[in-house]
Amino acid sequence: MDIIFKDLIKLWGKPVNQEKIDIDFPVGFISTDTRTLEKGDFFIPLVGNRFDGHDYLDMAFEMGIQAAIISEKFHGSVPAGLPYWVVPDTLYAYQQIALLHRRNLNLPVVAITGSVGKTTTRELTRALMTSLGEIVSSKENENNDVGVSKTLLRGSAKDSAYVLEMGMRGLGQIERLSRVAEPDIAVITNVGQAHIGILGSRENIAKAKTEITSYLRSDGVVIIPFGDYLLEKALKEKWSGRVIRVAIENFSLDWLGCNNDYFDDTEPDYIARVDMQNNFIFFRESKFKLPLEGRHNAMNFLMALTVATELGLSLKNLDQLKINMPMGRNRFVDCGQYLVLDETYNASPESVIASLELLVSKPGRHFAVLGTMLELGSESISLHQKVFQRAVELGLIGIVFVSYGEEAKIIKKIIKELPNHDLVRTPKDAATALLPWLLPGDNILIKGSRKLELEKILPYLQQ
């Protein structure tokens, strides 16, 4: 850590028990979790709906923490002899330190958001940027108020750049993440209908995603897909700097719910061509092997290629890219007699449709185990209908749907259009319903919202 105690004094004044510390001494590893706390760490207790890190302050002190930050709302006792600051909000203080560290290192920061494809684009971008050196990238779910700060604080002088994923569950959240990260390049993969139940409309989703430009550096650039009127409209209200628009030839954004009502004064800056049969993309007079299958992943790769181009990176020898996709994302699993597309991490209408289209590109018969898509609000019925209609159009043989509660009543009516269909409550029940339908050589998609834990089906298929 390149931050010293003097830097924190500039932020919050003198700490209590200042005589116990050397103001020129480096701040230790900053931790918010006593489960990973080590002697000499700097402790910041966070407060959530179901927890309060201040409850573990005595434990942290006994473990040998260097100093701490305490919320002004905490009315308990602080261990004697512990240097500490009192602040209005410990989470905001954590983010202030992360921003200070980001500024001290002054590494290029690429920030990525979007309704679908954030993680995939993040991993593709990270892989393309490794020619710069060590890249600090978001891990797992480090795309929120705590996670983005945690990623920034992992950076060091030996690193070359950051690649940050930014998620959201409401207006204002991505603006906070942008403030912490101060990106040099912002990527908005798309504006779909995930979280529409929370935000109410695609217009509001577009506004939320364009918040990534709130603290984008003035000489920075935002990369977006060409052809989304709502995204263009929202972006125009937030950002007056450079915009790079990318498109794939003959690839419509209809699957995202876009109306293709383009702005008259915009044209794509880069148009790529994709050979889906042989898995190639043609970009700026060069031909590249697609590292992941599916037209939606070709679009994600085009975004990553555009980032690399903007950074002036060489695009040679890309056939050996190492893509570290998290579990439950774009993963084909050979189960002996069956091929399973494991997309169990989460689900939205756009991602389910994209996964169905990837599934049917495989020779043989096609089945799906799908789970309820959550947080769709009043649009839930129509969006579930849209997904099932696409499954029928693609010629799926059967679907098992895992659902319970009010959504189950809706889905029971919709799935009757398919030759084989069933509605169940648990992953185990889904496997029991699906297995009698299958023959050797069949292909199965498993995809649903995280809450349903559909990955539990895989062991039954692997048997």
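Trainee: Is the crossing of α12 and α13 left-handed or right-handed, and what makes it so?

Mentor: In this predicted model, the crossing of α12 and α13 is right-handed. The term applies because the near helix is turned clockwise from the far one. The contact is made by Ser380, Ile381, His384, Gln385 and Phe388 of α12, together with Glu407, Ile410, Ile411 and Ile414 of α13. By residue class, the contact of α12 with α13 divides into five nonpolar, three polar and one charged.

Trainee: At what angle do α12 and helix α13 pack, and how far apart are their axes?

Mentor: Two packed helices are described by the angle between their axes and the distance between the axes. For α12 and α13 (residues 406-414), the angle is about 35 degrees and the axes are 10 Å apart.

Trainee: What volume does the largest cavity have, and what makes it a cavity?

Mentor: The volume of the largest cavity is about 50 Å³. The word cavity is used because a 1.4 Å probe fits at its points but cannot get out. The structure holds one cavity of 30 Å³ or more.

Trainee: Which residues line the largest cavity?

Mentor: The lining consists of Val352, Leu370, Gly371, Met373, His384, Val387, Phe388, Phe401 and Lys447. Two or more of these residues come from each of β16 (366-371) and α12 (380-393), and α12 supplies the largest share, three residues. His384 and Phe388 line this cavity and also belong to the contact of α12 with α13.

Trainee: How is the lining of the largest cavity divided into nonpolar, polar and charged residues?

Mentor: The division is six nonpolar, two polar and one charged. Gly371 is in this lining, and Gly counts as polar. Lys447 also lines the cavity, and Lys counts as charged.

Trainee: What is the volume of the second largest pocket, and why is it called a pocket?

Mentor: Its volume is about 910 Å³. The name pocket is given because the set of points is open, with protein on both sides within 12 Å along at least five of seven lines. The second largest pocket is lined by 32 residues, and Thr32, Leu46, Val47, Phe51 and Val146 lie nearest its centre. The elements giving two or more residues to this lining are β1 (30-31), α3 (90-105) and α5 (145-154). The largest share, five residues, comes from α5. Classified by type, the lining holds 13 nonpolar, 10 polar and nine charged residues.

Trainee: In what sense do β8 and β9 pair, and how do you know that they pair?

Mentor: Strand β8 (residues 185-188) and strand β9 (residues 221-225) are joined in the parallel sense over three bridges. Pairing requires at least two bridges, so the two strands count as paired. Ile185 stands opposite Val221 in β9.

Trainee: Why do β6 and β13 stand at the edges of their sheet?

Mentor: The open sheet has nine strands in the order β6-β7-β5-β8-β9-β10-β11-β12-β13, with mixed pairing. β6 (134-137) and β13 (286-289) each have a single partner strand, so one side of each is left without a neighbour in the sheet. Neighbouring strands of this sheet are turned by 20 degrees against each other on average, direction ignored.

Trainee: In what order do the four strands of the parallel open sheet stand?

Mentor: The order is β1-β2-β3-β4. β1 and β4 (84-87) are the edge strands, because each pairs on one side only. Ser31 stands opposite Phe43 in β2. α3 lies across β1, β3 (67-71) and β4, and runs at about 135 degrees to β3.

Key:
Residues are numbered from 1 along each chain as its sequence is written. This is a predicted model: local features need pLDDT of at least 70, side-chain atom pairs count only at pLDDT 80 or more; totals for chains, interfaces and linings use all residues. Side-chain values use heavy atoms; hydrogens and water are left out. On a 1 Å grid over the protein atoms alone, a cavity is a set of points where a 1.4 Å probe fits but cannot get out, and a pocket is an open set with protein on both sides within 12 Å along at least five of seven lines; lining residues have an atom within 4 Å of a point. Grid points are joined across faces, edges and corners, and a volume is the space filled by probe spheres set on the points. Axes are lines fitted to C-alpha atoms, for helices over the stretch in contact, and angles run from 0 to 180 degrees between N-to-C directions. Contact means heavy atoms within 4.5 Å.
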